[in-house]
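Let's take a walk through a protein model together, one stop at a time. Keep the structure open beside you and find each residue as it comes up.

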Amino acid sequence: MNALYNLALCPTPCSHSTPKHNTKWKTEVNGTATVALKGKALSRASSVTGKQRRIVSAASVTELTRVSETKGRQNIPTEKQLVDPFRQGIITEGGVRYRQTVVIRSYEVGADKTATLESILNLLQETALNHVWVSGLLGDGFGATHGMVRNNLIWVVTRMQVQVDEYPIWGEVMEVDTWVGASGKNGMRRDWLIRSDVTGEVLVRATSTWVMMNQQTRRLSKMPEVVRAEISPWFIENKAFEEEIPEKIYKLDTNAKFTNSNLKPKRSDLDMNHHVNNVKYVNWMLETIPHKFLENYQLTRMTLEYRRECSSSDVVESLCKPEEEKFEERHQDRNVDNGDSLASALFQDGNHSKSFKAYTHLLQITGDKESQEIVRGRTIWRRKL
C-alpha cells in the first residue's frame, strides 16, 4: 500500500531533563524489571512462571542500557511543551498548532539560489516530526504515539499535495506552520503553510492524508480508541487550501513517452522504517522529465497518491507523460473566487493557463512478477519568467 511513514501529528511541548549517570531508573524489557545504577544495568527480577524464575541475559541488559542511553541523549519530551528553544519552535492557536522559524541554508538551494523542491519536502517532514516531538506524545517510533507503539502501529501517507507560489531564496527567514485534523473516521490530515518572515506572504501550501498500518502484518488498521483519545484534542478544522474537485490521476502504461528504468534505492534513501523516503520518490519522478523542459518551466503544483511501500531490494521504473489536453480545459469549471484554491492561484495576477503545462507520473516496482504501483503523481509547471 502506501509507503511513507514520516511525521504524523500533534504539537505540544514539555520539559524533560536528561538523566544523570548516577541516577537510578527502572523499566521493563520483555516483562522483566531491571534497575540501573551509574550506567550499569543489574537484573533484579524477571517474569515468573509458577516457582521458576527467568533471569535476564547479559545481552538483554546490554541492549536495555543502550536504549536507555539513546533516549537520554534524545531527551524526548513526555509532557506538552509550549516552546522549543533548540528548534526555534512554539505552540500557537490555543496550544495545538506548531510554528517553527527556519533559515534557508546554502545546501538547500539550487543554481538559481532558490530552495529546491527536495529541501521544501524535507522541511515539511522535519517540522511535522518536531510538532509531534513537542507534543509529549512521541513514542518509540517515527512519529508514532505511545498508543500506536503499544498497538504496533505506524503512520503511512496515502495522499499529498504541495503548491508552490514562490520559491524561498537563500538566506531568507521563513515561518513554517503545521497542524492536524480529522480525515474520515480512521484517518488524519496534516497541513502546512510556509511564509516569508519579512513580507508575511505565504509561499508554499501543503496538505496530506495519513492512515495507520500494522507494522508486522503490513495491513491498514482502524484507529484504536486509545490513539483517538491521544490525537483528537489536537485536531482543528483549518485547511491550507481547498481542492474543489479532487484530481483523478490515471495510471500510465508502458507506452508512456518518457521512461527511466532500473532505479535502485541506496542506503541513504531509506528512512527510519527501512523503506524508501518519499522525497526520493519525487526525485525519481522529476528526473524522468526532459532536461530541456525543466530549463524553461518551474514546478508549481504536485499531487501524489501512494499505493504501496518500496524497500531497498526493489527495482523501480519511473514513467511520465505530458498531458495532451489543454490545461485551461481541465480547470475552466473550477471556482476561482477562493484565494486558497488551485484555480485562483494559477489565474491570479494576470497569469493565464497557457503558461502552464502538466505531466502525469507513475513509479512502479518491476521484476519477474507483474509490476506493482508505488506512487501515482501529477505535476503542474509554470513557465519561468
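Predicted model: local features only at pLDDT ≥ 70, side-chain atom pairs only at ≥ 80, totals over all residues.

Strands are DSSP runs of E with at least two residues, numbered from the N terminus. Asn 262 has a positive phi of about 60°, although it is not a glycine. At a relative accessible area of 51%, Asn 262 is exposed, because the cut-off for that word is over 50%. There is another residue of this kind to find: Asn 152, also not a glycine, has a positive phi near 60°. Look for Asn 152 in the loop between helix 3 (146–150) and strand 9. Its relative accessibility is 23%, and Asn 152 therefore counts as partly exposed.

Now step back and take in the whole chain. It has eight helices and 18 strands. Of its 385 residues, 50% count as buried. The chain exposes about 20,000 Å², and carbon and sulfur atoms supply 48% of that area. Now take the contacts in the chain with a separation of 6 or more: 72% of them come from residues 24 or more positions apart.

How many of the 10 residues of strand 15 are buried? Nine of them are, so this strand, residues 297–306, is largely enclosed by the rest of the structure. Strand 15 pairs with strand 9 (residues 153–164) through five bridges, and the two run antiparallel. As one example of a bridge, Met 160 has Leu 304 in strand 15 as its partner. Strand 15 also pairs with strand 18 (residues 372–383), again in the antiparallel sense, over nine bridges. Here you can find Leu 299 standing opposite Trp 381 in strand 18.

Side chains make links too. Glu 305 forms a salt bridge with Arg 159, with the closest N and O atoms 2.7 Å apart. Because Glu 305 lies in strand 15 and Arg 159 in strand 9, the pair ties together parts that are 146 residues apart in sequence. Both Glu 305 and Arg 159 are buried.

Let's follow some other salt bridges, of which the chain has 15. The side chains of Glu 309 and Arg 218 meet in one of them, at 2.2 Å from N to O. This pair links distant parts of the chain, 91 residues apart: Glu 309 is in the loop between strand 15 and strand 16 (315–322), while Arg 218 is in the loop between strand 12 (202–214) and strand 13 (220–221). Glu 309 counts as buried at 12% relative accessibility, whereas Arg 218, at 28%, is partly exposed. A salt bridge also joins the side chains of Arg 87 and Asp 84, at 3.0 Å from N to O. Here Arg 87 is partly exposed, with a relative accessible area of 24%, and Asp 84 is buried, at 4%. Salt bridges can form a network as well, as they do among Glu 93, Arg 97, Arg 99, Glu 175, Asp 177 and Arg 195.

Next, turn to the nonpolar residues. The largest nonpolar core has 66 residues, and Leu 121, Val 162 and Tyr 281 touch the most other members. Apart from it lies another core, of seven residues, including Ile 76, Tyr 98, Trp 133 and Val 134. On the surface, Leu 82, Val 83 and Ile 90 form a nonpolar patch with about 270 Å² of accessible area together. Leu 82 belongs to the loop between helix 1 (58–74) and strand 6 (83–84), and at 53% relative accessibility it counts as exposed.

Our last stop is Glu 317, in strand 16. Is Glu 317 buried or exposed? With a relative accessible area of 14%, Glu 317 is buried, since the limit for buried is under 20%. Leaving aside neighbours within four places in sequence, the residues in contact with Glu 317 are Thr 259, Asn 260, Ser 261, Leu 362, Leu 363, Gln 364 and Thr 366.

Methods:
Residues numbered from 1 in each chain as written. Heavy atoms only, no water. Buried < 20%, exposed > 50% of the residue type's maximum accessible area, 1.4 Å probe, protein only. Helix = DSSP H or I, 4+ residues; strand = E, 2+ residues; numbered from the N terminus. Pairing = 2+ DSSP bridges. Contact = heavy atoms within 4.5 Å. Areas by Shrake-Rupley, 256 points an atom, 1.4 Å probe, with all protein chains shown as cover. Salt bridge = Lys/Arg side-chain N within 4 Å of Asp/Glu carboxyl O. Core = buried A, V, L, I, M, F, W, Y, C linked by side-chain atoms within 4.5 Å. Patch = residues over 30% accessible without salt bridge, like charges linked within 9 Å, V, L, I, M, F, W, Y side chains within 5 Å.
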